[in-house]
Amino acid sequence: MDKVEIFTDGACKGNPGVGGWGAWLKAGDNEKELFGGELNTTNNRMELLAVIESLNALKRPCEVILHTDSQYVQKGISEWIHGWKARGWKTSTKEPVKNADLWQALDQAQSVHKVDWRWVRGHNGHPGNERADMLANKGVELVRSKR
């Protein structure tokens, strides 16, 4: 299995507002930058999309070390998702899970790979996280330029 390191981030100008997502993928000497965005979205949706898009960009099953500065994403995929699935995508208080469409897409995307989920403190000088943040903001600017 190929080994890939991925750094992801989401950004939102207003919440909800114009959002962007970014991902930096590294496999050996190969690197790839991904970014995009949406007009009326939330930061959490952009954090999730960054991860989904980066995993879906991989052409074959890989061993992935995935870095996110979103505890929502890291805890959601590592801990909370099991209960949500068991309860039919309801929270412990029987409310519908927010962003269930993206959680389901992430569940599908990660099932193809062996993913080691790692949380990193955001905006703390971590080179991979800073690069992902720059790409997420590039996604915001891309959406703004299309308005």
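Helices (H or I, at least four residues) and strands (E, at least two) are DSSP runs, numbered from the N terminus. The structure described here is a predicted model, in which local features need pLDDT of at least 70 and side-chain atom pairs count only at pLDDT 80 or more, while totals for chains, interfaces and linings use all residues. Residues are numbered from 1 along each chain as its sequence is written, and side-chain values use heavy atoms, with hydrogens and water left out.

**Strand pairing**

- Strands count as paired if DSSP finds at least two bridges between them, and by this criterion S4 (residues 62-68) pairs in the parallel sense with strand S1 (residues 2-14) over seven bridges.
- S4 also pairs in the parallel sense with strand S5 (residues 114-119), here over six bridges.
- Ala-27 has Asn-30 of S3 as its bridge partner, and in the hairpin of S2 and S3, with two residues between the strands, Gly-28 takes a positive phi near 60°.

**Largest pocket**

- A pocket is an open set of points on a 1 Å grid over the protein atoms alone, with protein on both sides within 12 Å along at least five of seven lines, whereas a cavity is a set where a 1.4 Å probe fits but cannot get out; lining residues have an atom within 4 Å of a point.
- The largest pocket has a volume of about 320 Å³, where grid points are joined across faces, edges and corners and the volume is the space filled by probe spheres set on the points.
- The lining of this pocket comprises 13 residues, of which Val-4, Ala-27, Leu-58, Lys-59 and Arg-60 are the closest to its centre.

**Aromatic rings**

- Rings of Phe, Tyr and Trp (its six-membered ring) pair if their centres lie within 6.5 Å, and planes under 30 degrees apart count as stacked, over 60 as edge-to-face and the rest as tilted; the count comes to five aromatic pairs.
- Tyr-72 and Trp-103 form an edge-to-face pair, at 5.3 Å centre to centre with 70° between the planes, and this pair links distant parts of the chain, with Tyr-72 in helix H2 (residues 71-86) and Trp-103 in helix H3 (residues 100-111), 31 residues apart.
- Trp-103 counts as buried at 0% relative accessibility.
- Trp-84 and Trp-89 form a tilted pair, at 6.5 Å centre to centre with 40° between the planes, and both residues are buried.
- Ring pairs link Tyr-72, Trp-80, Trp-84, Trp-89 and Trp-103 into a cluster.

**Leu-102 in helix H3**

- Leu-102 lies in helix H3 and counts as buried at 9% relative accessibility.
- With contact meaning heavy atoms within 4.5 Å, Leu-102 touches Arg-45, Leu-48, Leu-49 and Ile-52, not counting residues up to four places away in sequence.
- The C-alpha atoms of Leu-102 and Leu-49 are separated by 7.2 Å, although these residues are 53 residues apart along the chain.

**Cysteines**

- With a disulfide taken as a pair of cysteine sulfur atoms within 2.5 Å, the count comes to zero disulfides.
- Cys-12 is buried at a relative accessible area of 18%, and Cys-62 counts as buried at 4% relative accessibility.

Definitions and conventions:
Buried < 20%, exposed > 50% of the residue type's maximum accessible area, 1.4 Å probe, protein only.
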